Amino acid sequence: MSNIVMLMVRAARPSRTADMKAVAKPFFIKKGYEAMTFFGTIITHTVQEAEAFNRRFGPLKHHELIHLYQARSTHDSWLCFYVLYGWYWLGACRYGRRLRNAGYLLNPFEMEAYAHMDDLNYLKDKHSGTTGWRRYAKMSLDERLQAYLARNASA
């Protein structure tokens with residue numbers, strides 16, 4: 001537990017972070033998820049997964065890096081990013097009967113990250129942060145659900 005607190009305390013501002021290192025903390029990440037961003041560090045289940053993230057750049061690492069750029073756009077603060085993330089997550093949880101993991105899948109931050117994770121050029125001109133999540137945040141939950149369903153139907 002103290003390692004997690006140290007990650008939070010030692011975390012640099014998002015704008016001072018160019019790349020994120022991956023570490024294995026299996027007790028911290030929910031089963032079914034491959035990785036998560038935590039104060040500028042990518043958390044994975046196993047050491048092998050962490051090493052794979054650190055060695056190569058692919059869509060999953062890009063997804064996590066989008067969260068870094070989103071934190072830049074939330075007053076360059078990890079704390080503001082997580083407060084907003086939690087707010088949107090709680091708001092979308094009421095759609096849990098319509099969509100499993102609705103709090104996660106209808107979260108504007110996740111919607112932007114999933115929409116652009118395969119476009120490895122997406123972050124090239126976004127030094128001050130990404131703002132696509134704001135478009136999703138302005139949508140009603142019904143509109144976000146429809147956007148999510150439409151994206152998954154075309155995939």
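The legends below describe close-up views of a predicted model.

**View 1. Strand 3 and the strands on either hand of its pairing.** Strand 3 comprises residues 41-44, and strand 1, residues 21-24, runs parallel to strand 3 and is joined to it by four bridges. Within that pairing, Ala 24 has Thr 44 as its bridge partner in strand 3. Strand 2, residues 35-38, also pairs with strand 3 over four bridges, but in the antiparallel sense; here Thr 37 is the bridge partner of Ile 42, and Phe 38 stands opposite Thr 41. In a regular strand the side chains alternate between the two faces of the sheet. In strand 3 both of these faces are covered, with Thr 41 and Ile 43 buried on one side and Ile 42 and Thr 44 buried on the other.

**View 2. The turn between strand 2 and strand 3.** These two strands form a hairpin in which two residues lie between them. Phe 39, in the turn, has a positive phi of about 50°.

**View 3. Lys 21 and its surroundings.** Lys 21 lies in strand 1 and is exposed, because its relative accessible area of 56% is over the 50% cut-off. When residues up to four places away in sequence are not counted, Lys 21 touches Gly 40, Thr 41, Ile 42 and Asn 54, and among these Thr 41 and Ile 42 are buried residues of strand 3. Glu 51 is 30 residues from Lys 21 in sequence, while the two C-alpha atoms are 9.2 Å apart in space.

**View 4. Helix 3 and the residue that follows it.** Helix 3 is mostly covered, with 13 of its 15 residues buried. Just after helix 3, His 75 takes a positive phi of about 60°.

View 5. Helix 8 covers residues 141-154, and its 14 residues should span 20 Å at 1.5 Å a residue, which agrees with the 20 Å between its end C-alpha atoms. The buried residues of this helix are Leu 141, Arg 144, Leu 145 and Tyr 148. Seen down the helix axis, these buried residues fall within an arc of 100°, and therefore they line one face of helix 8. The cover over these buried residues includes helix 4 (78-92), helix 5 (102-105), helix 6 (108-116) and helix 7 (132-138). On the face turned away from the buried side, helix 8 carries the exposed residues Ala 153 and Ser 154.

**View 6. The largest pocket and its lining.** About 690 Å³ of space lies in the largest pocket, and 27 residues line this pocket, with Tyr 33, Met 36, Tyr 85, Tyr 104 and Glu 110 lying nearest its centre. The elements that contribute two or more residues to the lining are strand 2, helix 3 (59-73), helix 4, helix 5 and helix 6. Helix 4 supplies the largest share of the lining, namely five residues. Helix 4, helix 5 and helix 6, which take part in this lining, are also among the elements that cover the buried residues of helix 8.

Conventions
Residues are numbered from 1 along each chain as its sequence is written. This is a predicted model: local features need pLDDT of at least 70, side-chain atom pairs count only at pLDDT 80 or more; totals for chains, interfaces and linings use all residues. Side-chain values use heavy atoms; hydrogens and water are left out. Buried means under 20% relative accessible area, exposed over 50%, partly exposed in between (1.4 Å probe, protein chains only). Two strands pair if DSSP finds at least two bridges between them. The expected span of a helix is 1.5 Å times one less than its number of residues. The arc is that of the directions from the helix axis to the C-beta atoms. Contact means heavy atoms within 4.5 Å. On a 1 Å grid over the protein atoms alone, a cavity is a set of points where a 1.4 Å probe fits but cannot get out, and a pocket is an open set with protein on both sides within 12 Å along at least five of seven lines; lining residues have an atom within 4 Å of a point. Grid points are joined across faces, edges and corners, and a volume is the space filled by probe spheres set on the points.
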